[in-house]
Structures are given as structure tokens and as C-alpha cells.
Amino acid sequence: AQTVTQSQPEMSVQEAETVTLSCTYDTSENNYYLFWYKQPPSRQMILVIRQEAYKQQNATENRFSVNFQKAAKSFSLKISDSQLGDTAMYFCAFRPSNTGKLIFGQGTTLQVKP
Amino acid sequence: KAGVTQTPRYLIKTRGQQVTLSCSPISGHRSVSWYQQTPGQGLQFLFEYFSETQRNKGNFPGRFSGRQFSNSRSEMNVSTLELGDSALYLCASSLVAGEVAGELFFGEGSRLTVL
């Protein structure tokens with residue numbers, strides 16, 4: 001079975017500092033995609049960053065970057081220069097290449113403190 | 001460009017009743033998928049529709065059903081409601097089904113409370 005595990009239910013960080021959210025997954029597939037989604041208190045899920053498994057280079061989107069370790073099946077999210085608006089629940093998600101189905105982790109609630 | 005629209009945003013039902021939730025995807029998007037979000041189970045995939053055909057189905061009982069219309073709008077129905085069906089139901093749309101290029105865009109969800 002394909003699973004996604006986020007081992008940190010809650011995290012906090014001071015504004016302007018850096019924080020890393022962990023995610024591991026389990027799959028026997030070789031082609032797949034990984035995502036980090038952000039769900040602010042308003043509830044609308046927003047894509048933060050995505051990574052194709054066949055790409056060795058780690059994805060980066062402004063202050064957000066990932067550390068993708070395919071062999072270890074690890075996909076962590078680093079948020080640099082944390083801002084108050086980053087406060088949200090963050091979900092790691094896995095998507096097999098031949099389906100639109102997303103498999104989500106349990107989420108990490110991130111609190112950015114002023 | 002309008003986002004994914006879900007209606008109703010909030011609803012309260014009693015056990016045994018049925019409910020229909022609606023999702024209007026972003027204009028031009030042909031794939032719609034549904035997810036159930038609860039504190040205990042997290043986010044779970046319900047089903048995915050593309051061009052009026054169900055492509056994938058999650059591990060939910062037959063009380064959960066859905067459909068997609070020719071204009072890509074989708075509805076999901078839950079019959080014989082149980083207390084455990086209380087959840088936030090999220091709809092997501094994408095341009096093409098099964099393609100990573102089809103980034104999923106989520107609606108704000110429909111909050112269902114079953115009493």
C-alpha cells in the first residue's frame with residue numbers, strides 16, 4: 001500500500017527563521033510525483049511546491065525548497081525567512097504517475113510566531 | 001479567472017438522510033476529484049472524474065457516489081448518512097486527469113455535519 005507519513009503534528013518557528021517539515025512515503029513505483037500543499041485557516045488548499053520523482057534536482061519556489069531523497073523515500077520541505085502568513089497546516093502528498101489520486105499525509109500544523 | 005466553487009459551504013443533516021454536494025471546476029478543467037477531510041482520518045480520496053467517466057475510486061462504501069456532467073461540473077451524493085460522515089468535503093479540478101502537469105486546484109470545501 002502507498003502511504004505518506006508526516007511525523008511532526010505541530011511545529012513552531014520564529015518569524016524570519018528557517019523551518020523544515022518532514023515527510024516520508026512508501027511506494028513500489030518508480031514514476032510518481034510529490035507535493036506539498038498548504039491549508040491556511042480559511043481552508044482552501046494551495047499548492048506550495050512539487051517534485052517529479054525522475055528529476056534529481058530538488059525543486060525550489062522562492063522561499064520554499066525541498067530535499068528529495070528518492071532512495072530513502074524522503075521529501076522534506078524547507079521554509080526560509082518564515083513569515084506570519086506561512087502559518088497553516090502543511091500536507092505532503094504522493095501521486096502515482098497514472099492517476100489523479102493524491103495520497104496525503106496527516107499534516108503538520110505550522111505556527112509562525114512574531 | 002474564477003476558482004473551484006463548491007456549494008453549499010455548510011450544511012447540517014440528520015442520520016439517515018442523504019446529501020448532494022456540488023462542485024464547479026475552473027473553466028476549461030475537465031478533471032474533478034473529491035476528498036473527505038476529517039480530524040481522525042485526515043484527507044482521503046473519494047473519486048475522480050474525467051469527461052463524465054469515473055476514473056478512480058477510493059475505499060469508501062457504496063453510499064458515496066458521484067457523477068460529472070458534460071460541462072465538467074460534478075456532484076457527489078452520500079445516502080443514509082451516518083455520524084461518521086461529518087467532514088469537510090473538498091473538490092479539486094485539473095486540466096487533464098492523471099497528469100502531473102494537471103495541478104490540482106482545490107475549492108474551499110463543503111462542511112457537512114451529521115446529527
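**Exercise 1. Which strand does β5(A) pair with, how many bridges join the two, and do they run parallel or antiparallel?**

Solution. Strand β5 (residues 32–39) of chain A is joined to β10(A) by 8 bridges, and the two run antiparallel. Strands are DSSP runs of E with at least two residues, and helices are runs of H or I with at least four, numbered from the N terminus. Two strands pair if DSSP finds at least two bridges between them. Within this pairing, Phe35(A) stands opposite Ala93(A) in β10(A).

The model is predicted: local features need pLDDT of at least 70, side-chain atom pairs count only at pLDDT 80 or more, and totals for chains, interfaces and linings use all residues. Residues are numbered from 1 along each chain as its sequence is written, chains are lettered from A and ligands numbered from 1 in the order in which they are written, and side-chain values use heavy atoms, with hydrogens and water left out.

**Exercise 2. Describe the other pairings of β10(A) and state how many of its residues are buried.**

Solution. 

1. Strand β10 covers residues 88–96 of chain A, and 8 of its 9 residues are buried. Buried means under 20% relative accessible area, exposed over 50%, and partly exposed in between (1.4 Å probe, protein chains only).
2. Strand β12 (residues 108–113) of chain A is joined to β10(A) by 3 bridges and runs antiparallel to it. Here Ala88(A) stands opposite Leu110(A) in β12(A).
3. Strand β11 (residues 103–104) of chain A is joined to β10(A) by 2 bridges, again antiparallel. The bridge partner of Phe94(A) in β11(A) is Ile103(A).
4. With 6 residues between them, β10(A) and β11(A) form a hairpin.

**Exercise 3. Is Phe75(A) buried or exposed, and which residues does it contact?**

Solution. 

1. Phe75(A) lies in strand β9 (residues 74–79) of chain A.
2. Its relative accessible area is 0%, so Phe75(A) is buried.
3. Contact means heavy atoms within 4.5 Å. Leaving aside neighbours within four places in sequence, Phe75(A) contacts Cys23(A), Tyr25(A), Leu34(A), Phe35(A), Trp36(A), Gln51(A), Val66(A), Asn67(A), Phe68(A) and Cys92(A).

**Exercise 4. What are the secondary structure and overall dimensions of chain A?**

Solution. 

1. Chain A has 0 helices and 12 strands.
2. Its radius of gyration is 14 Å, close to the 13 Å that the globule rule gives for 114 residues, so chain A is as compact as a globular protein of that length. The radius is taken over C-alpha atoms, and the rule is 2.2 Å times the number of residues to the power 0.38.
3. The C-alpha atoms fill a box of roughly 40 × 25 × 20 Å along the principal axes.
4. Of the 114 residues in chain A, 50% are buried.
5. Among contacts in chain A between residues at least 6 apart in sequence, 55% join residues at least 24 apart.
6. The accessible surface of chain A is about 5,500 Å², with 44% belonging to carbon and sulfur atoms. Such areas come from the Shrake-Rupley method with a 1.4 Å probe; for residues, only the protein chains shown count as cover.
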